[in-house]
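The chain itself is shown first.

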Amino acid sequence: MKPLRSVSRTLRSAFLLLPLLAAPAAAQSAAPTGVAGEVFAGGELENYLRVLQVGGKIALYPWSVRGLSIGEVERLAPRDSVHPWAGRYTLKSPGRGLEVHLHEPVVGAVFNSAFPYGANDGAVWAGRGLTTAVQVGVTARYGPLSLVLAPVAFSAQNASFALAPHAPLDTFPAMLDWRHPGEIDLPQRFGEGAYTRVDWGQSTLRADVGFVTAGVSTANQVWGPASEYPILVGINAPGFLHAFLGSARPVDLWVGKVHGRFVWGRLEQSPYASTSPDSAVRFMSGLVGVFTPRGIPGLEIGAGRFFQSPWPAGGLTLAHLTKPLETLVKANLVTNEGEIQESVVADQIASVFGRWVFPGSGVEVYGEFASEDHRHNERDFLLEPDHDAAYALGFRKVFVRGPEQLWSVRGEILE
(Lines give C-alpha, C1' and ligand atoms only; values in the text may rest on other atoms or scores of the structure.)
Protein backbone atom coordinates (compact mmCIF):
# COMPACT_ATOMS: atom_id res chain seq x y z
CA MET A 1 0.00 0.00 0.00
CA LYS A 2 2.04 2.88 -1.36
CA PRO A 3 1.59 6.34 -2.91
CA LEU A 4 0.90 6.64 -6.63
CA ARG A 5 3.80 5.24 -8.61
CA SER A 6 4.63 3.55 -11.87
CA VAL A 7 6.86 0.53 -12.37
CA SER A 8 8.18 -1.34 -15.38
CA ARG A 9 5.34 -2.82 -17.45
CA THR A 10 2.73 -2.26 -14.77
CA LEU A 11 0.54 0.57 -13.62
CA ARG A 12 0.30 0.57 -9.85
CA SER A 13 -1.82 3.03 -7.91
CA ALA A 14 -2.72 3.06 -4.25
CA PHE A 15 -4.51 5.17 -1.68
CA LEU A 16 -4.62 5.10 2.09
CA LEU A 17 -7.54 6.53 4.00
CA LEU A 18 -5.29 7.53 6.85
CA PRO A 19 -6.13 10.28 9.33
CA LEU A 20 -2.33 10.77 9.33
CA LEU A 21 -2.55 12.37 5.89
CA ALA A 22 -5.20 14.89 6.86
CA ALA A 23 -4.08 18.48 7.15
CA PRO A 24 -3.07 19.10 10.78
CA ALA A 25 -4.78 22.50 10.73
CA ALA A 26 -8.14 20.82 10.22
CA ALA A 27 -7.85 19.09 13.59
CA GLN A 28 -6.63 21.95 15.74
CA SER A 29 -10.00 22.35 17.43
CA ALA A 30 -10.26 18.67 18.44
CA ALA A 31 -8.30 16.98 21.20
CA PRO A 32 -5.19 15.19 19.84
CA THR A 33 -5.57 11.44 19.36
CA GLY A 34 -3.38 9.23 21.58
CA VAL A 35 -1.35 6.97 19.31
CA ALA A 36 1.52 5.67 21.50
CA GLY A 37 0.32 2.10 20.87
CA GLU A 38 0.16 2.59 17.09
CA VAL A 39 3.83 3.32 16.44
CA PHE A 40 4.71 0.16 14.51
CA ALA A 41 8.08 -0.84 13.09
CA GLY A 42 8.55 0.75 9.68
CA GLY A 43 5.22 2.58 9.89
CA GLU A 44 4.37 6.22 9.19
CA LEU A 45 4.32 7.29 12.84
CA GLU A 46 7.69 5.67 13.53
CA ASN A 47 9.17 7.35 10.44
CA TYR A 48 7.75 10.65 11.68
CA LEU A 49 9.46 10.22 15.05
CA ARG A 50 12.72 9.52 13.26
CA VAL A 51 12.40 12.73 11.23
CA LEU A 52 11.73 14.65 14.45
CA GLN A 53 14.84 13.14 16.02
CA VAL A 54 17.13 13.97 13.10
CA GLY A 55 15.62 17.46 13.01
CA GLY A 56 16.47 17.98 16.68
CA LYS A 57 12.87 18.00 17.93
CA ILE A 58 13.14 14.96 20.24
CA ALA A 59 15.89 13.28 22.24
CA LEU A 60 18.56 11.04 20.76
CA TYR A 61 17.72 7.35 21.03
CA PRO A 62 19.02 4.17 19.31
CA TRP A 63 16.94 3.22 16.28
CA SER A 64 18.32 -0.23 15.46
CA VAL A 65 16.13 -2.36 17.78
CA ARG A 66 12.51 -1.96 16.68
CA GLY A 67 9.53 -2.00 17.20
CA LEU A 68 9.39 0.47 19.98
CA SER A 69 7.37 -0.18 23.13
CA ILE A 70 4.71 2.23 24.37
CA GLY A 71 7.08 3.31 27.12
CA GLU A 72 9.84 4.04 24.62
CA VAL A 73 7.47 6.05 22.45
CA GLU A 74 6.34 8.12 25.42
CA ARG A 75 9.95 8.83 26.40
CA LEU A 76 10.59 9.97 22.82
CA ALA A 77 7.49 12.15 22.65
CA PRO A 78 8.19 15.84 21.96
CA ARG A 79 8.25 17.94 25.11
CA ASP A 80 6.26 20.73 23.49
CA SER A 81 3.61 21.11 20.81
CA VAL A 82 5.80 22.83 18.23
CA HIS A 83 5.91 20.15 15.55
CA PRO A 84 3.80 19.55 12.43
CA TRP A 85 1.35 16.93 13.76
CA ALA A 86 1.02 18.21 17.33
CA GLY A 87 -2.59 19.25 16.83
CA ARG A 88 -3.54 15.84 15.51
CA TYR A 89 -1.66 13.31 17.63
CA THR A 90 -0.27 12.96 21.12
CA LEU A 91 2.30 10.35 22.08
CA LYS A 92 1.82 10.69 25.83
CA SER A 93 -0.88 9.28 28.12
CA PRO A 94 -2.10 10.12 31.64
CA GLY A 95 -0.57 6.89 32.95
CA ARG A 96 -3.18 6.26 35.65
CA GLY A 97 -5.01 2.95 36.03
CA LEU A 98 -6.33 0.98 33.11
CA GLU A 99 -6.00 2.72 29.74
CA VAL A 100 -7.84 1.54 26.62
CA HIS A 101 -7.56 3.25 23.22
CA LEU A 102 -9.22 2.26 19.96
CA HIS A 103 -7.01 2.62 16.90
CA GLU A 104 -8.23 4.71 14.02
CA PRO A 105 -9.00 2.22 11.20
CA VAL A 106 -6.72 2.09 8.17
CA VAL A 107 -8.26 1.19 4.81
CA GLY A 108 -6.24 0.87 1.64
CA ALA A 109 -6.34 -0.30 -1.96
CA VAL A 110 -3.72 -1.22 -4.56
CA PHE A 111 -4.17 -1.80 -8.28
CA ASN A 112 -1.54 -3.61 -10.35
CA SER A 113 -2.34 -3.68 -14.06
CA ALA A 114 0.17 -6.26 -15.30
CA PHE A 115 1.73 -8.36 -12.53
CA PRO A 116 1.98 -8.56 -8.70
CA TYR A 117 4.13 -5.89 -7.11
CA GLY A 118 4.66 -4.67 -3.59
CA ALA A 119 7.36 -3.72 -1.10
CA ASN A 120 7.36 -3.24 2.67
CA ASP A 121 3.65 -4.13 2.78
CA GLY A 122 3.87 -6.47 5.76
CA ALA A 123 1.15 -9.10 5.60
CA VAL A 124 -0.51 -7.60 2.51
CA TRP A 125 0.23 -9.30 -0.83
CA ALA A 126 -0.94 -7.32 -3.86
CA GLY A 127 -1.49 -9.49 -6.93
CA ARG A 128 -2.51 -8.43 -10.40
CA GLY A 129 -5.77 -6.49 -10.30
CA LEU A 130 -7.36 -4.87 -7.25
CA THR A 131 -6.24 -5.56 -3.69
CA THR A 132 -8.09 -4.08 -0.70
CA ALA A 133 -6.96 -4.13 2.92
CA VAL A 134 -8.19 -2.99 6.32
CA GLN A 135 -6.47 -2.77 9.69
CA VAL A 136 -8.23 -2.15 13.01
CA GLY A 137 -6.97 -2.35 16.55
CA VAL A 138 -7.03 -1.52 20.22
CA THR A 139 -4.38 -0.76 22.84
CA ALA A 140 -4.81 -1.58 26.52
CA ARG A 141 -2.32 -0.89 29.30
CA TYR A 142 -2.31 -1.38 33.05
CA GLY A 143 0.88 -0.63 34.94
CA PRO A 144 3.79 -2.56 33.36
CA LEU A 145 1.48 -4.69 31.16
CA SER A 146 0.42 -3.64 27.69
CA LEU A 147 -1.59 -5.31 24.95
CA VAL A 148 -1.80 -4.16 21.36
CA LEU A 149 -4.22 -5.98 19.03
CA ALA A 150 -3.84 -4.76 15.45
CA PRO A 151 -4.93 -7.44 12.96
CA VAL A 152 -5.00 -6.83 9.22
CA ALA A 153 -7.19 -8.44 6.54
CA PHE A 154 -6.81 -8.19 2.79
CA SER A 155 -8.32 -9.60 -0.36
CA ALA A 156 -6.40 -9.73 -3.64
CA GLN A 157 -8.19 -10.16 -6.96
CA ASN A 158 -5.12 -12.16 -8.03
CA ALA A 159 -5.91 -12.03 -11.74
CA SER A 160 -3.94 -14.27 -14.07
CA PHE A 161 -0.84 -13.17 -15.97
CA ALA A 162 1.99 -14.82 -17.90
CA LEU A 163 4.19 -16.56 -15.35
CA ALA A 164 7.95 -16.46 -15.77
CA PRO A 165 9.03 -19.97 -16.82
CA HIS A 166 11.49 -22.09 -14.87
CA ALA A 167 12.77 -25.62 -15.25
CA PRO A 168 12.07 -28.35 -14.56
CA LEU A 169 8.29 -27.86 -14.30
CA ASP A 170 7.81 -31.55 -13.54
CA THR A 171 9.71 -30.99 -10.27
CA PHE A 172 8.56 -27.51 -9.23
CA PRO A 173 5.03 -26.07 -9.67
CA ALA A 174 4.77 -23.25 -12.19
CA MET A 175 3.77 -20.64 -9.59
CA LEU A 176 7.05 -20.82 -7.68
CA ASP A 177 9.77 -18.21 -7.92
CA TRP A 178 11.33 -18.49 -11.38
CA ARG A 179 14.88 -17.75 -10.24
CA HIS A 180 15.25 -20.16 -7.31
CA PRO A 181 12.17 -22.43 -7.36
CA GLY A 182 13.65 -24.99 -4.98
CA GLU A 183 15.30 -22.59 -2.56
CA ILE A 184 12.97 -19.69 -1.77
CA ASP A 185 9.34 -19.48 -0.72
CA LEU A 186 8.35 -16.58 -2.97
CA PRO A 187 5.45 -17.65 -5.22
CA GLN A 188 4.76 -15.63 -8.35
CA ARG A 189 1.05 -16.12 -7.72
CA PHE A 190 -1.00 -17.50 -4.82
CA GLY A 191 -3.36 -19.88 -6.58
CA GLU A 192 -5.64 -19.34 -9.54
CA GLY A 193 -8.39 -17.31 -7.88
CA ALA A 194 -8.94 -14.54 -5.35
CA TYR A 195 -6.51 -14.67 -2.43
CA THR A 196 -7.80 -13.58 1.00
CA ARG A 197 -6.00 -13.61 4.31
CA VAL A 198 -6.50 -12.43 7.90
CA ASP A 199 -3.31 -11.90 9.90
CA TRP A 200 -2.70 -10.98 13.53
CA GLY A 201 -0.61 -8.10 12.22
CA GLN A 202 1.04 -5.73 14.71
CA SER A 203 -0.19 -7.47 17.86
CA THR A 204 1.93 -7.68 21.02
CA LEU A 205 1.50 -8.65 24.68
CA ARG A 206 4.41 -7.44 26.81
CA ALA A 207 5.55 -6.59 30.31
CA ASP A 208 8.08 -3.83 31.03
CA VAL A 209 9.51 -4.12 34.54
CA GLY A 210 12.41 -1.86 35.33
CA PHE A 211 15.08 -2.33 32.67
CA VAL A 212 13.62 -5.67 31.47
CA THR A 213 10.99 -6.33 28.83
CA ALA A 214 9.46 -9.66 27.80
CA GLY A 215 6.47 -10.78 25.80
CA VAL A 216 4.97 -12.53 22.81
CA SER A 217 4.14 -10.91 19.49
CA THR A 218 3.28 -11.28 15.82
CA ALA A 219 4.34 -7.72 15.01
CA ASN A 220 6.94 -6.81 12.43
CA GLN A 221 10.44 -6.03 13.63
CA VAL A 222 13.25 -4.02 12.07
CA TRP A 223 16.84 -4.80 13.06
CA GLY A 224 19.52 -2.33 12.12
CA PRO A 225 19.30 1.33 11.09
CA ALA A 226 18.01 0.95 7.51
CA SER A 227 14.69 2.53 6.55
CA GLU A 228 13.83 0.76 3.28
CA TYR A 229 16.15 -2.25 3.03
CA PRO A 230 17.01 -3.77 6.42
CA ILE A 231 19.07 -6.89 5.81
CA LEU A 232 18.27 -9.13 8.79
CA VAL A 233 14.61 -8.46 9.64
CA GLY A 234 12.19 -5.97 8.05
CA ILE A 235 8.59 -5.35 7.02
CA ASN A 236 8.61 -6.74 3.48
CA ALA A 237 6.69 -9.78 4.78
CA PRO A 238 4.31 -10.36 7.68
CA GLY A 239 5.66 -10.66 11.18
CA PHE A 240 5.89 -14.12 12.72
CA LEU A 241 4.86 -15.51 16.09
CA HIS A 242 7.73 -14.97 18.51
CA ALA A 243 8.72 -14.49 22.12
CA PHE A 244 11.26 -11.88 23.18
CA LEU A 245 13.36 -10.92 26.18
CA GLY A 246 15.54 -7.85 26.40
CA SER A 247 16.08 -4.39 27.79
CA ALA A 248 13.09 -2.10 28.14
CA ARG A 249 15.37 0.89 27.55
CA PRO A 250 19.13 1.44 27.15
CA VAL A 251 21.10 0.40 30.23
CA ASP A 252 23.80 2.80 31.40
CA LEU A 253 27.23 1.15 31.91
CA TRP A 254 29.06 4.50 32.32
CA VAL A 255 31.28 3.87 29.27
CA GLY A 256 28.07 3.91 27.29
CA LYS A 257 24.60 2.44 27.10
CA VAL A 258 23.57 -0.98 25.78
CA HIS A 259 20.18 -1.99 24.45
CA GLY A 260 19.20 -5.34 22.98
CA ARG A 261 16.77 -8.18 22.53
CA PHE A 262 16.71 -11.98 22.28
CA VAL A 263 13.98 -13.35 19.98
CA TRP A 264 12.70 -16.92 19.49
CA GLY A 265 10.03 -17.63 16.91
CA ARG A 266 8.06 -20.03 14.77
CA LEU A 267 8.44 -19.73 11.00
CA GLU A 268 6.01 -21.29 8.53
CA GLN A 269 5.98 -21.60 4.77
CA SER A 270 3.25 -20.96 2.20
CA PRO A 271 1.26 -23.80 0.60
CA TYR A 272 3.26 -23.22 -2.59
CA ALA A 273 6.75 -23.82 -1.18
CA SER A 274 8.77 -26.66 -2.70
CA THR A 275 10.57 -27.73 0.46
CA SER A 276 9.77 -30.95 2.28
CA PRO A 277 6.79 -30.94 4.67
CA ASP A 278 9.26 -32.03 7.36
CA SER A 279 10.78 -28.53 7.27
CA ALA A 280 7.50 -26.64 6.79
CA VAL A 281 7.76 -25.36 10.37
CA ARG A 282 11.09 -23.93 11.44
CA PHE A 283 12.56 -22.57 14.64
CA MET A 284 14.02 -19.09 14.64
CA SER A 285 16.39 -17.62 17.21
CA GLY A 286 18.13 -14.30 17.09
CA LEU A 287 19.85 -11.53 18.98
CA VAL A 288 20.21 -7.84 18.17
CA GLY A 289 21.96 -5.21 20.25
CA VAL A 290 23.33 -1.68 20.11
CA PHE A 291 25.92 0.32 22.04
CA THR A 292 25.88 4.09 22.34
CA PRO A 293 29.32 5.23 23.59
CA ARG A 294 29.63 7.90 26.26
CA GLY A 295 30.75 11.28 25.01
CA ILE A 296 29.80 10.73 21.34
CA PRO A 297 26.19 11.97 21.04
CA GLY A 298 24.09 10.43 18.31
CA LEU A 299 26.37 7.45 17.56
CA GLU A 300 25.08 3.89 17.83
CA ILE A 301 26.92 0.75 16.78
CA GLY A 302 25.54 -2.75 16.93
CA ALA A 303 25.24 -6.27 15.62
CA GLY A 304 22.63 -8.95 15.07
CA ARG A 305 22.35 -12.67 14.30
CA PHE A 306 19.36 -14.53 12.86
CA PHE A 307 19.16 -18.35 12.82
CA GLN A 308 16.56 -20.69 11.37
CA SER A 309 16.45 -24.48 11.37
CA PRO A 310 13.87 -27.29 11.18
CA TRP A 311 11.70 -27.39 14.29
CA PRO A 312 13.38 -29.94 16.63
CA ALA A 313 11.39 -33.15 16.81
CA GLY A 314 12.39 -33.71 20.42
CA GLY A 315 11.39 -30.24 21.52
CA LEU A 316 13.35 -27.11 22.28
CA THR A 317 16.39 -27.22 24.55
CA LEU A 318 18.64 -24.62 26.13
CA ALA A 319 21.07 -25.11 23.24
CA HIS A 320 18.39 -23.96 20.79
CA LEU A 321 17.59 -20.88 22.85
CA THR A 322 21.24 -19.85 23.17
CA LYS A 323 22.12 -20.47 19.52
CA PRO A 324 22.77 -16.75 18.80
CA LEU A 325 25.69 -16.90 21.28
CA GLU A 326 27.56 -19.53 19.23
CA THR A 327 30.99 -18.92 17.75
CA LEU A 328 31.13 -17.56 14.20
CA VAL A 329 33.43 -20.28 12.78
CA LYS A 330 32.60 -23.92 12.02
CA ALA A 331 36.02 -25.24 13.01
CA ASN A 332 35.18 -24.49 16.63
CA LEU A 333 31.87 -26.38 16.40
CA VAL A 334 33.29 -29.83 15.57
CA THR A 335 32.63 -32.55 18.14
CA ASN A 336 35.28 -34.91 19.52
CA GLU A 337 34.12 -37.48 16.98
CA GLY A 338 34.91 -35.09 14.15
CA GLU A 339 31.29 -34.36 13.28
CA ILE A 340 29.74 -30.93 12.86
CA GLN A 341 27.32 -30.08 15.65
CA GLU A 342 23.63 -30.04 14.72
CA SER A 343 23.44 -26.31 15.38
CA VAL A 344 25.76 -25.56 12.46
CA VAL A 345 23.17 -26.94 10.07
CA ALA A 346 21.00 -23.94 10.88
CA ASP A 347 20.95 -21.14 8.34
CA GLN A 348 22.50 -17.99 9.80
CA ILE A 349 22.75 -14.35 8.83
CA ALA A 350 24.90 -12.01 10.93
CA SER A 351 25.48 -8.28 10.54
CA VAL A 352 27.25 -5.29 12.04
CA PHE A 353 25.86 -1.78 11.65
CA GLY A 354 26.17 1.80 12.74
CA ARG A 355 24.21 5.04 12.73
CA TRP A 356 25.26 8.59 13.52
CA VAL A 357 22.79 11.43 14.01
CA PHE A 358 23.82 15.11 13.94
CA PRO A 359 20.63 16.88 15.07
CA GLY A 360 22.31 20.29 14.97
CA SER A 361 22.78 19.81 11.22
CA GLY A 362 19.61 17.77 10.63
CA VAL A 363 21.64 14.88 9.21
CA GLU A 364 21.96 11.17 9.86
CA VAL A 365 24.17 8.59 8.11
CA TYR A 366 24.11 4.84 8.59
CA GLY A 367 25.43 1.59 7.19
CA GLU A 368 25.26 -2.17 7.63
CA PHE A 369 27.38 -5.14 6.55
CA ALA A 370 25.94 -8.66 6.68
CA SER A 371 27.12 -12.16 5.85
CA GLU A 372 25.29 -15.45 5.50
CA ASP A 373 26.32 -18.76 7.06
CA HIS A 374 29.21 -19.54 9.42
CA ARG A 375 32.83 -19.11 8.39
CA HIS A 376 34.80 -22.33 7.97
CA ASN A 377 37.68 -21.06 10.09
CA GLU A 378 39.47 -17.87 11.17
CA ARG A 379 41.42 -17.71 7.88
CA ASP A 380 38.19 -17.77 5.89
CA PHE A 381 36.81 -15.03 8.13
CA LEU A 382 39.81 -12.74 7.55
CA LEU A 383 40.56 -13.39 3.84
CA GLU A 384 37.06 -13.55 2.39
CA PRO A 385 34.90 -11.06 4.29
CA ASP A 386 32.70 -10.52 1.21
CA HIS A 387 31.75 -14.20 0.89
CA ASP A 388 27.91 -14.39 0.73
CA ALA A 389 27.83 -10.80 1.97
CA ALA A 390 25.73 -7.67 1.45
CA TYR A 391 25.89 -4.07 2.58
CA ALA A 392 23.49 -1.15 2.94
CA LEU A 393 24.28 2.58 3.12
CA GLY A 394 21.89 5.44 3.77
CA PHE A 395 21.45 9.04 4.79
CA ARG A 396 18.70 11.44 5.77
CA LYS A 397 18.60 15.23 5.74
CA VAL A 398 15.87 17.13 7.57
CA PHE A 399 15.25 20.78 6.70
CA VAL A 400 13.53 22.75 9.46
CA ARG A 401 11.42 25.25 7.49
CA GLY A 402 9.65 26.67 10.51
CA PRO A 403 8.32 25.67 13.93
CA GLU A 404 5.64 23.47 12.35
CA GLN A 405 7.19 22.48 9.03
CA LEU A 406 9.88 19.89 8.31
CA TRP A 407 11.16 18.62 4.97
CA SER A 408 12.96 15.29 4.84
CA VAL A 409 15.15 13.84 2.08
CA ARG A 410 16.65 10.37 2.34
CA GLY A 411 18.55 7.91 0.21
CA GLU A 412 19.48 4.26 0.68
CA ILE A 413 21.22 1.55 -1.33
CA LEU A 414 21.50 -2.22 -0.80
CA GLU A 415 24.17 -4.20 -2.63
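## Basis and overall make-up

A residue is called buried when its relative accessible area is under 20%, exposed when that area is over 50%, and partly exposed in between, with a 1.4 Å probe and protein chains only. The model is predicted, so local features need a pLDDT of at least 70 and side-chain atom pairs count only at pLDDT 80 or more, whereas totals for chains, interfaces and linings use all residues. Residues are numbered from 1 along each chain as its sequence is written, and side-chain values use heavy atoms, with hydrogens and water left out.

The chain has four helices and 24 strands, where helices (H or I, at least four residues) and strands (E, at least two) are DSSP runs numbered from the N terminus. Of its 415 residues, 46% count as buried. Among contacts (heavy atoms within 4.5 Å) between residues at least 6 apart in sequence, 62% join residues at least 24 apart.

## Helix α1 and its surroundings

Helix α1 is largely enclosed by the rest of the structure, because nine of its eleven residues are buried. These buried residues are L45, E46, Y48, L49, R50, V51, L52, Q53 and V54, and they pack against β4, α2 (70-76), β21, β22 (363-372), β23 and β24. After the helix comes G56, which has a positive phi near 80°.

P225, in the loop between β15 and β16, counts as buried because its relative accessibility is 1%. Leaving aside residues up to four places away in sequence, P225 touches R50, S64, R66, F353, G354, R355, Y366, G367 and E368. P225 and W63 are 162 residues apart in sequence, yet their C-alpha atoms are 6.0 Å apart in space.

## Salt bridges and charges over rings

The whole structure contains twelve salt bridges, each defined as a side-chain nitrogen of Lys or Arg within 4 Å of a carboxyl oxygen of Asp or Glu. One of them joins R66 to E46, with 3.0 Å between the closest N and O atoms. Since R66 lies in strand β4 (residues 65-66) and E46 in helix α1 (residues 44-54), the pair ties together parts that are 20 residues apart in sequence; both residues are buried. A salt bridge at 2.4 Å, N to O, also brings together R410 and E228, and this pair links strand β24 with the loop between β15 (222-223) and β16 (242-247), 182 residues apart. R410 counts as partly exposed because its relative accessibility is 40%, and E228 is partly exposed with a relative accessible area of 28%.

R179 and D177 meet at 2.8 Å, N to O; R179 is partly exposed at 47% relative accessibility, while D177 is buried at 2%. A network of salt bridges links R50, E300, R355, E364 and R396. R50 also lies over the face of Y366, at 5.2 Å from the ring centre, and R249 lies over the face of F211 at 4.2 Å; a charge counts as over a ring if NZ of Lys or CZ of Arg is within 6 Å of the ring centre and within 35 degrees of the ring normal.

## Aromatic pairs

The structure holds twelve aromatic pairs. Rings of Phe, Tyr and Trp (its six-membered ring) pair if their centres lie within 6.5 Å, and planes under 30 degrees apart count as stacked, over 60 as edge-to-face and the rest as tilted. W125 and Y195 form an edge-to-face pair, because their ring centres are 5.9 Å apart and their planes are at 75°. This pair joins the loop between β7 (106-112) and β8 (129-135), which holds W125, to strand β12 (residues 195-199), which holds Y195, over 70 residues of sequence. W125 is buried at 17% relative accessibility, as is Y195 at 19%.

F240 and F306 are likewise edge-to-face, at 6.5 Å centre to centre with 85° between the planes, and both are buried. One aromatic cluster is formed by W125, F154, F190, Y195 and Y272.

## A nonpolar surface patch

I296, W356, F358, V365, F395, F399, W407 and V409 make a nonpolar surface patch of about 690 Å². The elements that give two or more residues to this patch are β21 (347-358), β23 (389-402) and β24 (405-414). Patches are made of residues with over 30% relative accessible area and no salt bridge, like charges being joined within 9 Å and nonpolar side chains (Val, Leu, Ile, Met, Phe, Trp, Tyr) within 5 Å. F358, in strand β21, counts as partly exposed because its relative accessibility is 32%.

Definitions and conventions. Areas by Shrake-Rupley, 256 points an atom, 1.4 Å probe, with all protein chains shown as cover.
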